[in-house]
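Grab a pencil and open the viewer. Try each exercise yourself before you read its solution.

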Amino acid sequence: MKKILALILAAVMVIGLLAGCGSSEKPAATTAAPAATEAPAATEAPAPEAPADAVSLPRNETLYFAGQQWGTVNSWSPIGTNQNNSMAIAGNAGGYRTLMFETLYMFNFMDGSLVPLLADGDYAWNADMTQLTVTIKDAAKWSDGTPVTAADVVRTFDIGVQVGNNTGTGYGAYISSVEADGQTVIINAALNDEGAPVNPLKVLDFLTGTPIAQAAWIDTVVDRCGGDSVAILNDPGEDVVWSGPYTKYYSDDQKVVLIRDDNYWGQDASMWGKLPVPKYIAHTIYADNAAGETALKAGEVDVCQQFIGNIQNLWEKDGLPISTYYEEAPYGVCLTMPTAWYNMNVPVLAENPALRKAIAMAVDYDSIIANAMTNQSPSFADVPRSLMNPTDGEQALFDHAAVADLQWAGNDIEGATKLLDEAGIVDSDGDGWRDWNGEKISLNACCPNGWSDWQAAMEIVAAAGEKIGVEITTLYPEWSIYQTVFTSPSQTEYAIFMWSPDAASPSNPWQRVNQMMGKVYVGVENNWSGNWGQYVNDEADELINKIPLTTDAAELKDLYTKLTEIYLSDVPSFSLMYRPSLFHAVNESVWTNFPSGDDGRNIPPADCTDGYGIAALYELELVG
């Protein structure tokens, strides 16, 4: 019904929207370009000259976004850092954003698959998983008409290691070298002291998370920067060569626009067989989420990647042609779990697992989900807690029956009180608060100021403490302070604090489990990587280290089950909600046929830009 109402209203709205953009006549509906039987001829295609401004973009050719680009673009270089270029250079749980720069494979978080992009067919491991090979598609071309080659992949990795960009720091510890043999890429895994690969899962992440840059262009940048790493990292990349379906067209402090490259190699029958439908990809730079939401409601935004509370009201009460991936709550695909971390530098928490579990058992998660998430999350009764996100693929990786007696759904004041009493953590002086070593237990619960949904969650954690006689006060420092404290391995300022583990990637859920309990992160300064509570469990660490080298499904399930048992028993942290790492709301007043959970296409709600989510751009249709 929501879809029908949306399309009815959309047909009414589209004429007005187009008229407002300078067109007095409703255009005929267009479809994607027909399939080509071979790649377009290789011709040099310089970046198109941008207009004096991009205000006059044809509405019926432009897909508008919100919630991704904040602030002015700094750089167009895929080998740099601090580009602040979210439409062209960004990677997240949905996979890398391949509008302009492409990866070897596209990640599909709906089923965990790796879909070939620059790669031709499946990757292949050797017997001991020390070497992985990928063949480059013959059809793949750069924007200057030259072929994409295995040498480009080699140069992309090598420059990353040389200058320490995201590719170098993210994969240099797991890949010893990358070689080219004709059009075959040979990725040599880094080896441990026993001669086994350090982590084959992170090698797979390289396949979907690394934008490949042209070797000749990299050499140009290195030459003009005199080989200086800092200069290379900060090069603006205005002359960059790309392989993707779009390129830079216009950018200022108000708007970023990409334009379709009609010579894009992906028209070849070996890839998409056609061009993406929108000619322009545009993102107005809004002041805040409220401005983006207003633009979505007005039909000025087609795809919105930001949290909108009670989003169902937009169609149920306001009657707007707005849709989400699922028609019912939670409306999106929940891939991550914002988590409360216990600080093991605080002795009362480090030495009392009963206290840690009691607080976690007492928290009213249904209230968090209702208030902080406006029910855009499954409950812990629907998806009992573990180390996994709610997706079917991850939920199948552990034995649910084996851990059922360790799980809790929350708001269990009686059970939490009993656990504390049995542990001898009681109120010895009658002041209403429980003591430990003769002193009242007094903790704080922290998250950044202004993160309203997280603050609401921390208030509920504090309220749970009061119900079981444990004093928990809330503290909301500014982000500039918060980030320096929670990433310090020796901090004692925050007893309970919020941060989110990884969502989805080829290396998950291993990566998330490692973040929850892995000893590798303990003591790391400026730690943005994991185990922010500094928890140490040697048994868990041994199990974690086995997973990347385990290929037997039954053995893998046993490892994940044992780790879940340890986690639910020791409770070094506790997740507060399930949450989409990508929000995906669309206004269908101009464009329709966006992916949905029941359409059978298996295109993830990745905002039409990330990983295999970019497939949506090839199937969009104009309303009417």
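This is a predicted model: local features need pLDDT of at least 70, side-chain atom pairs count only at pLDDT 80 or more; totals for chains, interfaces and linings use all residues.

Residues are numbered from 1 along each chain as its sequence is written, and side-chain values use heavy atoms, with hydrogens and water left out.

**Exercise 1.** Find strand 1 (residues 62-66) and work out which residues are buried on each of its faces.

*Solution.* Step one: strands here are DSSP runs of E with at least two residues, and helices are runs of H or I with at least four, both numbered from the N terminus. Step two: in a regular strand, side chains alternate between the two faces of the sheet. Step three: Thr62, Tyr64 and Ala66 are on one side, Leu63 and Phe65 on the other, and all are buried (under 20% relative accessible area with a 1.4 Å probe, protein chains only; over 50% is exposed, and in between is partly exposed). Step four, the neighbours: strand 1 runs parallel to strand 12 (residues 280-284), joined by four bridges, with Leu63 opposite Ile281. Strand 1 also runs parallel to strand 13 (residues 303-304), through two bridges, and there Phe65 faces Val303.

**Exercise 2.** Which strands stand at the edges of the open sheet of four strands?

*Solution.* Step one: write down the order, 6-7-9-8, with antiparallel pairing; two strands pair if DSSP finds at least two bridges between them. Step two: strand 6 (124-125) and strand 8 (175-181) are at the edges with a single partner strand each, so one side of each has no neighbour in the sheet. Step three: look at strand 7 (residues 131-135) and strand 9 (residues 184-189), an antiparallel pair with five bridges. One example is Gln131, whose bridge partner in strand 9 is Asn188.

**Exercise 3.** How many residues line the second largest pocket, and which lie nearest its centre?

*Solution.* Step one: on a 1 Å grid over the protein atoms alone, a pocket is an open set of points with protein on both sides within 12 Å along at least five of seven lines, and lining residues have an atom within 4 Å of a point. Step two: count 31 lining residues, with Gly112, Ser505, Pro506, Asn508 and Pro509 nearest the centre. Step three: among the helices, helix 4 gives the most to this lining, with three residues.

Note on methods: On a 1 Å grid over the protein atoms alone, a cavity is a set of points where a 1.4 Å probe fits but cannot get out, and a pocket is an open set with protein on both sides within 12 Å along at least five of seven lines; lining residues have an atom within 4 Å of a point.
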